Amino acid sequence: MKIPKVLFAVLIAWPLAISAQSFETGALLGAGYEMKILKGWHWGVEAEARFDNNFTHLDRFKAGVGTDYAFWHKRLKVGVGYDYLNYHQEDFYESRHRVHGALTVAEKFGPVKLSYRAMFQSTFRNGNRGDYRFNPKTYMRNRLAFSYKFAGKPVKLYASEEFWWRLYHPDNNIIDALRTTIGVEYEVNIHNTLDFFIRSKNEVQVANPRHILYIGMTYKFQ
């Protein structure tokens, strides 16, 4: 397959387009399980470890559970979920809790699928760990996605662009982060899928913005 070579080329070229002053690399390793409850209704669990500081630091561990329901010939999907987050700070670990709800609109054109997802999320921090000016932090996350499924092949290519619109600051509700992802999913069999991707996370309109390029792999089974 030539796909890994394409991803490798993008991985090398992408940092050139980002300011080197605050650029770093990291990794995302995850696993997820999904089960069908009824027609159109699914629930799932997932876990993910995130590394930053050029692969040398375990930044965050996430474990989540969620459910969603698709209808209108799978064009619309609503979902809710909860995530437990454990962040590794400089000298301690901090637990956070996140709840989210999302609405996704999708349309297929043969092997091509286009979708838009609007997600509201609130992240709660432990007030005993510090005096936080804003708690919880609430965002609206908007994501546009494209995918292409090769006919008769167990391979799907995809790309997405997402931005974080902060809602918790009454006087400064700005877009403060962008996330670009490209990847490939490979169906090992009907129950197992491997997802390989690269993701660029860029803070914008904030002081001392971070630019991180992640290499990721997720194992999905059902």
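Val 204 is found in the loop between β10 (192–203) and β11 (211–221). Helices (H or I, at least four residues) and strands (E, at least two) are DSSP runs, numbered from the N terminus. The model is predicted: local features need pLDDT of at least 70, side-chain atom pairs count only at pLDDT 80 or more, and totals for chains, interfaces and linings use all residues. Residues are numbered from 1 along each chain as its sequence is written, and side-chain values use heavy atoms, with hydrogens and water left out.

Val 204 has a relative accessible area of 24%, so this residue is partly exposed. Buried means under 20% relative accessible area, exposed over 50%, and partly exposed in between (1.4 Å probe, protein chains only). Residues up to four places away in sequence aside, Val 204 touches Ile 175, Asp 176, Ala 177 and Leu 178. Contact here means heavy atoms within 4.5 Å. Asp 176 is 28 residues from Val 204 in sequence, yet the C-alpha atoms of the two are 4.8 Å apart in space.

The protein chain as a whole has one helix and eleven strands. From the N terminus on, the order of elements is α-β-β-β-β-β-β-β-β-β-β-β. The chain holds 222 residues, and buried residues make up 36% of them. Among contacts with a separation of 6 or more, 45% come from residues 24 or more positions apart. The chain exposes about 13,400 Å², of which carbon and sulfur atoms supply 61%. Accessible areas come from the Shrake-Rupley method with a 1.4 Å probe; for residues, only the protein chains shown count as cover.

Seven aromatic pairs were found in a search of the whole structure. Rings of Phe, Tyr and Trp (its six-membered ring) pair if their centres lie within 6.5 Å; planes under 30 degrees apart count as stacked, over 60 as edge-to-face and the rest as tilted. The ring planes of Tyr 33 and Phe 221 stand at 45 degrees, with centres 5.1 Å apart, so this pair is tilted. The pair links distant parts of the chain. Tyr 33 lies in strand β1 (residues 23–38) and Phe 221 in strand β11, 188 residues apart. Tyr 33 is partly exposed because its relative accessible area is 24%. Phe 221, at 32%, also counts as partly exposed. Phe 221 forms an aromatic pair with Tyr 219 as well, and this one is stacked: 5.4 Å centre to centre, with 20 degrees between the planes. Tyr 219 has a relative accessible area of 33% and is therefore partly exposed. Tyr 33, Trp 43, Tyr 219 and Phe 221 form one aromatic cluster.

Two residues of this cluster, Tyr 219 and Phe 221, are touched by Asn 192. Asn 192 is placed in strand β10. At 17% relative accessibility, this residue counts as buried. Its contacts, leaving out residues up to four places away in sequence, are Tyr 186, Glu 187, Tyr 219, Lys 220 and Phe 221. The side chain of Asn 192 also makes a polar contact with the side chain of Asn 189, at 2.8 Å. A polar contact is a pair of N or O atoms within 3.5 Å; within protein, one must be able to donate a hydrogen and the other to accept it, and residues adjacent in sequence count only if both atoms are side-chain atoms.

Arginine side chains also sit over aromatic rings. Arg 75 lies over the face of Trp 72, at 5.1 Å from the ring centre. Arg 96 lies over the face of Tyr 87, at 3.9 Å from the ring centre. A charge sits over a ring if NZ of Lys or CZ of Arg is within 6 Å of the ring centre and within 35 degrees of the ring normal.

Backbone features were found in several loops. Trp 72 is placed in the loop between β3 and β4 (76–88). Its phi is positive, about 55 degrees, although Trp 72 is not a glycine. At 51% relative accessibility, Trp 72 counts as exposed. Phe 55 is in the loop between β2 (41–52) and β3 (57–71). Phe 55 is likewise not a glycine, and has a positive phi of about 75 degrees. Its relative accessible area is 43%, so Phe 55 is partly exposed. A cis peptide bond joins Asn 135 and Pro 136, with omega about 10 degrees. Pro 136 is found in the loop between β6 (112–125) and β7 (137–149).
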